[in-house]
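Have the viewer open and follow along.

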Amino acid sequence: MLLLPDFRRQSKPQQSANASNTSASRGFHDVDSLVKSSKLSASAPEFVPGGINQYEDPTCYDDGERYYGEATLADMVTDFLGHLSSSPGSFESEIDCITAVLNDWVTTEESLKELVELIYTQSTAIPNFSYTGARLCNYLSHHLTISPPNGNFRQLLLQRCRKEYEQRDVAVQGDTDTQKKFHSFVLFLGELYLHLEIKSGKGPPKRADILLSGLKDLMNSLFSNPVDANLICAVKLLKLTGSVLDDAWKESGKADMEELIQRIETILLDATCSRDVRQMLLKLVELRSSDWGRVRAAAAASNATPENDPNYFMNEPTFYTEDGTPFTAADPGEPMYAHPLTRVLLNRCLHRYDFEDEMEPEIEEAFESFCLESERKRQQ
């Protein structure tokens, strides 16, 4: 609305009546001209100052401000997911607020399916979001109030994952983009197996058994076409879930992990994978032989020594002196191994570095050659 100025306040009391009337008529005439020439419109959209989020939920803030404009479920969920992706550390402090907003918005089966699709797409499109996405799925599966007859949040999520799972044999043979999309799904499913809890009336929450068998089928599909990309995905998945899968299969009396390791050993002998991938597979087999790098409490409390335990130094790192001479914890004369706590800390640090495979193949090969040459000179 255009507010007109009050020209009556501007008239002077000592002027005559005729002068006042003439002056007033001129003033209104000028205002009328301004209105006609103005480009302002009463039907113009509402102005929203910059920096204000139109989709923020008023229940999350103390000032109680409402939305500016109409927001859609996709807009709001995209904002939430983008925020969690850029600030994963805020998950614990903001998940209750996010869930409360979703409970207000997701009130139909169609909106629930849309929510599942949005979260699934984000979790498989952005690799770094698969962990947070799996945690979000687990939380929503227990705290979303809507439960349509055709399936609740968890059931619809598993149905969506099954669509991708059924395309596994085609995906591993597909082009680069198809394989990349499939690999993202595989890693997200691994995170989902680790975090998705199924609660029951008795006992602690359990993991979804359907995901356990599904992950084995996915790895067999990856190994069926042992190109580098598929093998790298399988290695990442086993590094992520290997210890948990191994324990679950052993508990049920199955030898599924032994079968997977045998397939890897066969690939190492027969497949024409690159040197870098072959090195990753070898380290994975070694990692499994050391019980996935875990230190058992019973073994730590026992009186294990290098003399009575052949695996005593299995997880120990290898260090090198200034001249390149290698040594490990088996060399008691080295000062850095004087205190047991020092050995434990160094072991954890170096094992983690080795676990990430950060050294480039050319650098690693050159470093190994340097160490071997230094050892040869030392023995001479």
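Predicted model: local features only at pLDDT ≥ 70, side-chain atom pairs only at ≥ 80, totals over all residues.

As for handedness, H6 passes H8 in a left-handed crossing.

Now zoom in on the side of H6 that does the touching: Leu 157, Cys 161, Glu 164 and Tyr 165. Across from them, H8 brings Lys 181, Phe 182, Phe 185, Phe 188, Leu 189 and Leu 192. Sort the residues of this H6 with H8 contact by class and you get eight nonpolar, two charged and no polar.

H8 also meets helix H4, residues 109-125. Here the axes come within 8 Å, with a crossing of roughly 110 degrees. Tyr 120, Ser 123 and Thr 124 are what H4 puts into the contact, and they meet Ser 184, Phe 185 and Phe 188 of H8. By class, the contact of H4 with H8 splits into three nonpolar and three polar residues, with no charged ones.

Which residues have the most contacts inside the largest nonpolar core? They are Leu 102, Phe 153, Phe 185, Leu 192, Ile 264 and Leu 281, in a core of 74 residues. Helix H10, residues 228-251, gives the most to this core, with 10 residues.

Take Leu 192 as an example. Leave aside its neighbours within four places in sequence, and Leu 192 is in contact with Ala 134, Cys 137, Leu 157, Cys 161 and Leu 211. Among them, Leu 157 and Cys 161 are residues of H6 that take part in the contact with H8.

For the last stop, go to helix H2, residues 73-86, and pick out Leu 81. Is Leu 81 buried or exposed? Its relative accessible area is 4%, and the cut-off for buried is under 20%, so Leu 81 is buried. Not counting residues up to four places away in sequence, Leu 81 touches Leu 118, Ile 119, Gln 122, Phe 129 and Leu 136. Leu 118 sits 37 residues from Leu 81 along the chain, while their C-alpha atoms are separated by 8.9 Å.

Terms used: Residues numbered from 1 in each chain as written. Heavy atoms only, no water. Left-handed = near helix turned anticlockwise from the far one by under 90°. Helix = DSSP H or I, 4+ residues; strand = E, 2+ residues; numbered from the N terminus. Contact = heavy atoms within 4.5 Å. Nonpolar A, V, L, I, M, F, W, Y, C, P; charged D, E, K, R; others polar. Core = buried A, V, L, I, M, F, W, Y, C linked by side-chain atoms within 4.5 Å. Buried < 20%, exposed > 50% of the residue type's maximum accessible area, 1.4 Å probe, protein only. Axes fitted to C-alpha atoms, helices over the stretch in contact; angles between N-to-C directions.
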